[in-house]
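Work through the exercises below with the sequence and the 3D structure at hand. Try each task before reading its solution.

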Amino acid sequence: GWTWKAYLGAAAKYIPFAFEKSDAKERWGGENYFQAQMGGRSLRYTAQEIYKSQVDRPGNSDEHRAAEEDAEGRRVEFIDKLGGAEAWMAFVADIGRSRRFA
């Protein structure tokens, strides 16, 4: 089953490095932005839906700012729901041990 600890352990291997468009293509194949209109999803479309701004013209939308303010006020609640403080502390430690930051 799903565990945040395992997810964060895997993510720590990727976080220190830039994720380029070529990396996405290698990992998941080409992107078709219009795939979302046909019932699928593209990474770019999903990001735009979450942040309510165009990825090639970043800027904080009202929705984005409101979500950030809401999250800031509920940080402890979110941490508890997303694996707990221990899992996140291990994640930060794993990133710190990365070759990239050593």
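**Exercise 1. The chain as a whole**

Task: Find what share of the contacts in the protein chain with a separation of 6 or more comes from residues 24 or more positions apart.

Solution. Step 1: a contact means heavy atoms within 4.5 Å. Step 2: among contacts in the protein chain with a separation of 6 or more, 41% are between residues 24 or more positions apart.

Before going on, note that this is a predicted model, in which local features need pLDDT of at least 70 and side-chain atom pairs count only at pLDDT 80 or more, while totals for chains, interfaces and linings use all residues. Residues are numbered from 1 along each chain as its sequence is written, and side-chain values use heavy atoms, with hydrogens and water left out.

Step 1: take the secondary structure, where helices (H or I, at least four residues) and strands (E, at least two) are DSSP runs numbered from the N terminus. The protein chain has six helices and zero strands, and along the sequence its pattern reads α-α-α-α-α-α.

Step 2: take burial, where buried means under 20% relative accessible area, exposed means over 50%, and partly exposed lies in between (1.4 Å probe, protein chains only). Of the 102 residues in the protein chain, 16% are buried.

**Exercise 2. Two helices in contact**

Task: Describe how helix 1 and helix 6 are placed relative to each other.

Solution. Step 1: two packed helices are described by the angle between their axes and the distance between the axes. Axes are lines fitted to C-alpha atoms, for helices over the stretch in contact, and angles run from 0 to 180 degrees between N-to-C directions.

Step 1: helix 1 covers residues 4-11 and helix 6 covers residues 85-96; their axes come within 9 Å and cross at roughly 15°.

Step 2: angles under 35 degrees count as roughly parallel, over 145 as roughly antiparallel, 65 to 115 as roughly perpendicular, and the rest as oblique. Helix 1 and helix 6 are therefore roughly parallel to each other.

Step 3: the crossing of helix 1 and helix 6 is right-handed. A crossing has this hand if the near helix is turned clockwise from the far one by less than a right angle, and is left-handed if anticlockwise.

Step 4: list the residues that meet. Helix 1 brings Lys5, Leu8, Gly9 and Ala11, and helix 6 brings Ala87, Trp88, Phe91 and Asp94. Sorted by class, this contact of helix 1 with helix 6 has five nonpolar, one polar and two charged residues. Ala, Val, Leu, Ile, Met, Phe, Trp, Tyr, Cys and Pro count as nonpolar, Asp, Glu, Lys and Arg as charged, and the others, Gly among them, as polar.

**Exercise 3. Salt bridges**

Task: How many salt bridges does a search of the whole structure find?

Solution. Step 1: a salt bridge is a side-chain nitrogen of Lys or Arg within 4 Å of a carboxyl oxygen of Asp or Glu. Step 2: the search finds six of them.

Step 1: Asp62 is bridged to Arg65, with the closest N and O atoms 2.6 Å apart. The two residues are three apart in helix 4 (residues 62-73), so about one helical turn separates Asp62 and Arg65. Asp62 is exposed, at 56% relative accessible area, and Arg65 is partly exposed, at 35%.

Step 2: Arg75 is bridged to Glu72, with the closest N and O atoms 2.4 Å apart. Arg75 is partly exposed at 46% relative accessibility, and Glu72 is partly exposed at 47%.

Step 3: Glu77 is bridged to Lys81, with the closest N and O atoms 3.3 Å apart. They are four residues apart in helix 5 (residues 75-81), so about one helical turn separates Glu77 and Lys81. Glu77 is partly exposed at 33%, whereas Lys81 is exposed at 56%. A network of salt bridges links Asp70, Arg74, Glu77 and Lys81.

**Exercise 4. Sequence distance and space**

Task: Find the C-alpha separation of Arg97 and Ala12.

Solution. Step 1: Arg97 lies in the segment after helix 6 and is exposed, at 59% relative accessibility. Step 2: Arg97 and Ala12 are 85 residues apart along the chain, and their C-alpha atoms are separated by 9.5 Å.

Step 1: Asp62 and Tyr51 are eleven residues apart in sequence and 9.5 Å apart in space.
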